[in-house]
Amino acid sequence: MKAWVLHNISDIRLEDVEEPVLQEGEVLVQVKAVGICGSDIPRIYQNGTYRHPLIPGHEFSGVAVKSGSAADTALEGQRVGVFPLIPCKECPPCRKKQYEMCRNYSYLGSRRDGGFAEYVAVPEENLVRLPDHVSFEAAAMLEPMAVAVHAMRRVKAGGSDRIAICGVGTIGLLLYLFLKEAGMEQVYVFGNKDFQKQTLLKLGLREEFYCDIRENDTDQWLMERTEGVGADVFFECVGRNETLVQALNQTAFGGRIMLVGNPFGDVNLEKSVYWKILRNQLTVMGTWNSSFTHEMSDDWNYVMERLAQKSVVPEDLITHRLSLEQMEQGFRIMRDKTEDYVKIMMLR
Ligand SMILES: [Zn+2]
Ligand SMILES: [Zn+2]
């Protein structure tokens, strides 16, 4: 089969490799759509991954074509989505079914071969069947959607909460989509690129709810719109020192801050900012990955129901559709930022 194989940092090649050999309980998935995640770019060009050679790609969907021993043969021919984290099932978080915090996990596309290929071996338990109306493209975005939903549900954003989102990468945009779908009306978004703004307006954000941080004093901008109080829930989706300070300054008394963005470096807070956590009795929370337990209450089912009803249409965020052979163009666009993009996807 053809696959993009990462041999070393910055050394990724399209090659003919052996089809994966199925282990017990695994299913062979023919990849129909795979998205390039922001995290794939440093994995390919900067840091490498856990072992080389490795086929990256963790946001994918496809058709189950062959069941290995002990895997359900009824899956063969089914359209499927894939939860990329493979939990150990033995550590303390796993015993509580909080697999996203597994201490000893494997991961498709970073610790074992993933979706930038024609076929992937996936444990049966990591598959979800796709309802008829859910496209492969949408299903290839299940993972980032579930990540956004996990953050939203953990912080219990709802009711009349005034919400701020700082940072409008894929997760920030998806958060906006799901907050809107959940009926949130006061969602203020901070961004710094015209293309992000246009995308948000297309998704339904009213212009007066968008703050371009290049042109505004963000503290003043939000306070003017919230009776001087700030946001009840603040999603920090950047991971920089400045944006954490922004969150602490702009969150209302008794409010919640959800830290979503992966940190760029060390974080330091001035005493006057730190005081705000205490005096405003803020709740500062973290979020990681998403819940996937095959129960109705998990994040993946939450997303799947909304895809099936078409109340969320993530296809609107796909800016580039490439063939397997063209994927390197996608990596380069994201590395060099030579074009505007949201989700770059490979389709077969
Ligand atoms: Zn990802
Ligand atoms: Zn575990």
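1. Is Cys 211 buried or exposed? Cys 211 counts as buried, at 0% relative accessibility. Here buried means under 20% relative accessible area, exposed over 50%, and partly exposed in between, with a 1.4 Å probe and protein chains only.

2. A quick word on the ground rules. This is a predicted model, where local features need pLDDT of at least 70 and side-chain atom pairs count only at pLDDT 80 or more, while totals for chains, interfaces and linings use all residues. Residues are numbered from 1 along each chain as its sequence is written, and side-chain values use heavy atoms, leaving out hydrogens and water.

3. Back to the cysteines. The structure has zero disulfides (a disulfide is a pair of cysteine sulfur atoms within 2.5 Å). For Cys 211, the nearest cysteine sulfur belongs to Cys 166 and is 9.1 Å away. Cys 37 is buried too, with a relative accessible area of 15%.

4. Now the inside. The largest nonpolar core has 71 residues, and Leu 142, Ile 165, Leu 179, Val 189 and Phe 235 touch the most other members. Such a core is a set of buried Ala, Val, Leu, Ile, Met, Phe, Trp, Tyr and Cys residues joined through side-chain atoms within 4.5 Å. Both domain 1 (2–140 + 313–347) and domain 2 (148–286) give residues to this core, so it lies between them; the domain bounds come from an automatic or database assignment.

5. Another core, apart from that one, has 38 residues, including Ala 3 and Phe 331.

6. Take a look at Leu 142: beyond its neighbours within four places in sequence, its contacts (heavy atoms within 4.5 Å) include Gly 81, Trp 300 and Leu 307.

How values were computed: Chains are lettered from A and ligands numbered from 1 in the order in which they are written.
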